[in-house]
Amino acid sequence: MNDPASPPAEGPPWRAATRAVVAGRPEPSADAPLSTPVVATSTYAAGGERGYGRYTNPTWEAFEDAVGSLEGATAVAYASGMAAVAAAVEVLLADAPPHGAVVVPADGYHASVDLLSRLSRPVRSVRLDDPAGVQAALDGAVLLWAESPTNPLLEVPDLSVLVAHAHQAGARIAVDTTAATPLRVRPAEHGADVVVHAATKYLSGHSDLLMGVAASRDPAVVTRLREVRSRSGAIPGTFEAWLALRGLRTLLVRLDRAEQSAQYLAACLAGHSSVQRVRYPGWGGLVSVQVHGGAARADAVTGATRLWVPATSFGGVESTLERRRRWPAERASVPESLIRLSVGLEDPDDLWQDLEQALTRTRPRGTAEPPSSAGG
Ligand SMILES: *Cc1c(COP(=O)(O)O)cnc(C)c1O
């Protein structure tokens, strides 16, 4: 496909906001649609390169071109975030010795850690913000699975250090940057072997589909990522790919808006007497907050909002919140009272007004709450 994401040869590269809009568009020609349509087909007429619908699809490719141009790597789209995780794991372990260990984040995404724990390999759990601990765990390991930021504790590891430690130990490294998007963190620039996204979240951005992406700068890895997709059949639907690309066109304005509101809400929350701790990396649209009063109070708060929708997942236009430990599979290192907020595009004052009334209305009667401790 022609790539209008390439600026004139003599100019500087287009910036991210431009690439999000122009990458993956067909070359304009008279009366041609500006966007790649939903190409709904299971097969292609013989004589060309495409062959069959499980191998290629023009609508997936348009989406992949756009994500890849933001990520600085070649993107391969999958049926879900977990399909992308599974493919990345299979590809990165394909040539690894059978008993080499995998290193996982202590507060990593529970489904990814679960998948990595079922490989019949030793599993070592580490805190990614402890580089010495990571280095020690990598001795004899074959894969480091990383996330930035971690979810839901929202810690941001130093990716250059993690990549250096992994490669020094002879291990590969994959980084899941679902919660950051390629606008905030680009692991391929730090040398990560594979980058993974649940496109279900910010990339598509409207809570109306599941999709995943695995991306790499290594052509051999990209070939294998596509082979695994064709073999396993974990392909995205063409309509989902079209919707995801439609959402991706506005990623920059959505994320900027969510981030501004999240910064405002993080500051408001840190000053509220019902709040014990605010976790916010300083950027992005996710804020995790621990409230006084444990799980019961946190459940009461999530049940008392009118505008914020109690729901799992994140990265949609609507603001959602949930107590993560309501899920039995959530890691024990996540505090019982932790509520993860996914800040959407509503008016930030309405969002704060709703949170404040929920916190105030659920305050236990006649008890003075301890002063809030430092955020982070
Ligand atoms: C949601 C999520 C996934 C899984 O994506 P699905 O589309 O639900 O399969 C993987 N990693 C992270 C960090 C996620 O938040």
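**Entry 1: Arg-323.** I looked up the neighbours of Arg-323 and found that, leaving out residues up to four places away in sequence, Arg-323 touches Ala-295, Ala-298, Asp-299, Thr-302, Glu-336, Leu-338 and Ile-339. Contact here means heavy atoms within 4.5 Å. I note that the model is predicted, that local features need pLDDT of at least 70 and side-chain atom pairs pLDDT 80 or more, and that totals for chains, interfaces and linings use all residues. Residues are numbered from 1 along each chain as its sequence is written, and side-chain values use heavy atoms, with hydrogens and water left out.

I placed Arg-323 in strand β11. Strands (E, at least two residues) and helices (H or I, at least four) are DSSP runs, numbered from the N terminus. Is Arg-323 buried or exposed? Its relative accessibility is 9%, so Arg-323 counts as buried; the cut-offs are under 20% relative accessible area for buried, over 50% for exposed and partly exposed in between, with a 1.4 Å probe and protein chains only. Arg-323 and Ile-339 are 16 residues apart in sequence, yet their C-alpha atoms are 4.3 Å apart.

**Entry 2: the sheet around β11.** I traced an open sheet of five strands in the order β8-β9-β12-β11-β10, with mixed pairing. Its edge strands, each pairing on one side only, are β8 (275-279) and β10 (309-310). Two strands pair if DSSP finds at least two bridges between them. Strands β11 (residues 320-323) and β12 (residues 338-342) run antiparallel and are joined by four bridges. Leu-321 stands opposite Leu-341 in β12.

I then looked for helices on this sheet. Helix α10 (residues 294-303) packs on the sheet and touches β9, β10, β11 and β12, its direction making about 160° with that of β11. Helix α9 (residues 251-270) lies across β8, β9 (286-291) and β12, and runs at about 155° to β8. Angles run from 0 to 180 degrees between N-to-C directions, and axes are lines fitted to C-alpha atoms, for helices over the stretch in contact.

**Entry 3: Arg-306.** I found Arg-306 in the loop between α10 and β10. Arg-306 is exposed, at a relative accessible area of 64%. Leaving aside neighbours within four places in sequence, Arg-306 is in contact with Asp-354, Gln-357 and Arg-361.

**Entry 4: β4 and β5.** I noted that strand β4 (residues 141-147) runs parallel to β5 and that five bridges join them. Glu-147 stands opposite Asp-176 in β5. Four of the five residues of β5 (residues 172-176) are buried, so β5 is largely enclosed by the rest of the structure.

**Entry 5: α2 and α8.** I checked helix α2 (residues 58-71) against helix α8 (residues 238-248): their axes come within 8 Å and cross at roughly 35°. In α2, Thr-59, Trp-60, Ala-62, Phe-63, Ala-66, Val-67 and Leu-70 meet Thr-238, Ala-241, Trp-242, Ala-244, Leu-245 and Leu-248 in α8. The residues of this contact divide into 11 nonpolar, two polar and no charged. Ala, Val, Leu, Ile, Met, Phe, Trp, Tyr, Cys and Pro count as nonpolar, Asp, Glu, Lys and Arg as charged, and the others, Gly among them, as polar.

**Entry 6: α3 and α7.** I found that helix α3 (residues 81-93) packs against helix α7 (residues 219-232) at an angle of about 125°, with their axes 9 Å apart. The contact is made by Ala-87, Ala-88, Glu-90 and Val-91 of α3 and by Val-221, Arg-224, Leu-225, Val-228 and Arg-231 of α7. These residues divide into six nonpolar, no polar and three charged.
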